[in-house]
Amino acid sequence: MKQLLNIDNLDYKDLQDLINRTLIHSRKNSPKTLKDKRVGLIFSEVSLRTQISFTIAVQLLGGISTMITIPHFTTEFDGTPREDICDILRSLEGWMDIFIIRDYSGQILKEALQNIRLPIIDGFCGDNHPTQTIADLGIIKNESGKIQDVEICCVCPNFGSGVMESFALGAVMMGARVIFLISGGEYKPKNKDFFIRLNKIKRECKGKLAITNNHIEALKNAEFLYVDEWWKNSKNFLDIEMNELKVDNDFLKNAPKNIKVMHYLPAHHEREISKQVLYSDFSIAFKQAEFRLYSAMASLEYVHKII
């Protein structure tokens, strides 16, 4: 039984096959490889790209998707506790063939891995986002024709980013040169074992990761600029100020003219990125969002053992 939980649980060939399959699906000729398969989207968090891309992906591949909004089943409308999460998962197991789980607490994913015998895709439970990484590497290869030796500057917070860490692990595995541009101080990863996992990949692959607060040096040779949302699972995360790391036209004065700007979205206009840059001709953020559909299709085929 295959799972898709962390990008570095894949070997080089598996990740390469997933990226190439993503590109095949981007040509919009979809075989019915999931015909009549039932996929449960088990979400306790708000989602646009993950939820909708997987819903459409299942349909295009010939399957049936069902959205399960967990708070609607664990609690009555008056707030009374209704049903244990493990009982919900075990009931769903008899109706489904694949689970996609999004829950920032990580508790639903933990319960599913301990109690359910179905393929599971981590749809971002706060620490890892493998299908986002597959889409990101797919769009880079689509734009550049390659991933190896491509230089990518990631503007991200020094308090850690699960999305960026997942991306860095995948990009380094594929031979890219990644630079984390942070605001200063020490980078404190969201995943406590991030550097251990990174060093394991670096021993086997040709990619590199550097961390700096020198934005001139970080941008000098960058072919792609990847902007993080600077997200925390807290009510006031939008109050975090970007200062000199806000990506606007002034910030890009030090970047190569042909640089391409990425953002995994949602974007907060005039906070981490200006609306002018997000909507510019050199932004590929919305094409990147489109590739979430194709990576969802490839990921579903992977756990269903099609690739």
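**A walk through a predicted chain**

With 307 residues, a compact globule would have a radius of gyration near 19 Å, and the chain agrees, since its value is 19 Å. Here the radius of gyration is taken over C-alpha atoms, and the globule rule is 2.2 Å times the number of residues to the power 0.38. This is a predicted model, in which local features need pLDDT of at least 70 and side-chain atom pairs count only at pLDDT 80 or more, while totals for chains, interfaces and linings use all residues. Residues are numbered from 1 along each chain as its sequence is written, and side-chain values use heavy atoms, leaving out hydrogens and water.

Let's start with the overall build. The chain has eleven helices and nine strands; these are DSSP runs numbered from the N terminus, with at least four residues of H or I for a helix and at least two of E for a strand. Along the principal axes, the C-alpha atoms fill a box of roughly 55 × 45 × 35 Å. Of the contacts with a separation of 6 or more, 77% join residues 24 or more positions apart, where contact means heavy atoms within 4.5 Å.

Now look inside. Buried residues make up 53% of the chain; buried means under 20% relative accessible area, exposed over 50%, and partly exposed in between, using a 1.4 Å probe and protein chains only. In soluble globular proteins, nonpolar side chains tend to be buried together. A nonpolar core is a set of buried Ala, Val, Leu, Ile, Met, Phe, Trp, Tyr and Cys residues joined through side-chain atoms within 4.5 Å. The largest one here has 65 residues, and F180 is among those with the most contacts inside it. Helix α11 (residues 285-303) gives the most to this core, with nine residues. A second, separate core of 25 residues includes A255, I259, A267 and L278. Leaving aside neighbours within four places in sequence, F180 has contacts that include C154, M164, Y187 and F194.

Finally, visit some backbone features. Most residues other than glycine have a negative phi, and most peptide bonds are trans. The peptide bond from L265 to P266, however, is cis, with omega near 10 degrees, and P266 lies in the loop between β9 (260-263) and α10 (275-278). E270 is also in the loop between β9 and α10; its phi is positive, about 70 degrees, although E270 is not a glycine. D149 has a positive phi too, near 70 degrees, and sits in the loop between α6 (130-144) and β5 (151-155).
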